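Have a look at the model first.

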Amino acid sequence: DEARSKFLAQFPKVDTYIVFTGPNFVLKAGDFRSLLEAERVRETLLREFPTSFVIKELINLPRIDQE
């Protein structure tokens, strides 16, 4: 929960998911449509989350924010 809070403080519009992969909980963030988009966010995260990496998997459609 602490990692999720730290992430959402920097990226409030990026969806996050907590997944249990025994014996650990994994925080997954974002539904990026391209590898480039995911890598850009990862580069900004490396200071706070040095063990972060990009996982290729099916995504949920990104939400559309209405203004």
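## Salt bridges across the chain

Start with E48 and K6, whose side chains meet in a salt bridge at 3.2 Å, N to O. A salt bridge here means a side-chain nitrogen of Lys or Arg within 4 Å of a carboxyl oxygen of Asp or Glu. The pair ties together distant parts of the chain, with E48 in the segment after α2 and K6 in helix α1, 42 residues apart. Helices (H or I, at least four residues) and strands (E, at least two) are DSSP runs, numbered from the N terminus. E48 is partly exposed at 36% relative accessibility, and K6 is also listed at 36%. On this scale, buried is under 20% relative accessible area, exposed is over 50%, and partly exposed sits in between (1.4 Å probe, protein chains only).

A word on the source: this is a predicted model, where local features need pLDDT of at least 70, side-chain atom pairs count only at pLDDT 80 or more, and totals for chains, interfaces and linings use all residues. Residues are numbered from 1 along each chain as its sequence is written, and side-chain values use heavy atoms, with hydrogens and water left out.

The whole structure holds four salt bridges. One of them joins E57 to K28, with the closest N and O atoms 3.1 Å apart. Again distant parts of the chain are linked: E57 is in the segment after α2 and K28 in strand β2, 29 residues apart. E57 is partly exposed at 43%, and so is K28 at 22%.

Helix α2 has a local pair: E39 and R42 lie three residues apart, about one turn of the helix, and their side chains meet at 3.6 Å, N to O. E39, R42 and E43 are linked in a salt-bridge network.

## The largest pocket

The largest pocket has about 780 Å³ of space. Of its 28 lining residues, the closest to the centre are K28, A29, F53, V54 and I55. A pocket is an open set of points on a 1 Å grid over the protein atoms alone, where a 1.4 Å probe fits, with protein on both sides within 12 Å along at least five of seven lines; lining residues have an atom within 4 Å of a point.

Helix α2 gives the most to the lining, with five residues. By class, the lining has 17 nonpolar, five polar and six charged residues.

Key. Points joined across faces, edges and corners; volume = space filled by probe spheres on them. Nonpolar A, V, L, I, M, F, W, Y, C, P; charged D, E, K, R; others polar.
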